[in-house]
Amino acid sequence: VNLNGSSAFASASAKTLAAPPPPALSLTASGYKVKGIAYVDLSWAGASGVDVFRNGSRIAQAISGSAYTDNTGNKGGGTYQYQVCVAGGTANCSNIASVTF
């Protein structure tokens, strides 16, 4: 109702809200060497049960907890890029963390 009179009744509508997105995965990486061999400590938040990727290839599967140490087996310099994704082939993945030796 307004100054111009009454309007027709409005139809009711209901909306179901979508489920919230899964928590974001955040990844940090820290590198060090032992007797010349490169190791990288990874830690993440936002999921447990992840697959670990180095330079685009999966190197560990269904890792529980929130940390993993990668023994690259390599000596010398180089750059390694890491990412973790929720295990099971989901697209829920972390940022890419790089370590350069």
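**Contacts, sheet and salt bridges**

Beyond its neighbours within four places in sequence, F101 is in contact (heavy atoms within 4.5 Å) with G31, Y32, K33, A38, Y39, V40, G76, G77, G78 and Y80. This is a predicted model, where local features need pLDDT of at least 70 and side-chain atom pairs pLDDT 80 or more, while totals for chains, interfaces and linings use all residues. Residues are numbered from 1 along each chain as its sequence is written, and side-chain values use heavy atoms, leaving out hydrogens and water. F101 sits in the segment after β7, and its C-alpha atom lies 8.7 Å from that of K33, 68 residues away along the chain. With 26% relative accessibility, F101 counts as partly exposed (buried is under 20% relative accessible area, exposed over 50%, partly exposed in between, with a 1.4 Å probe and protein chains only).

Four bridges join β3 (residues 50–54) to β4, and V52 stands opposite A60 in β4.

As for charged pairs, the count is two salt bridges (a side-chain nitrogen of Lys or Arg within 4 Å of a carboxyl oxygen of Asp or Glu). One joins D51 and R58 at 3.5 Å, N to O; D51 is buried at 4%, whereas R58 is partly exposed at 46%. D70 and R54 meet at 2.8 Å, N to O, linking strand β5 (residues 67–75) to strand β3 across 16 residues. D70 is buried, at 3% relative accessibility.

Key. Pairing = 2+ DSSP bridges. Helix = DSSP H or I, 4+ residues; strand = E, 2+ residues; numbered from the N terminus.
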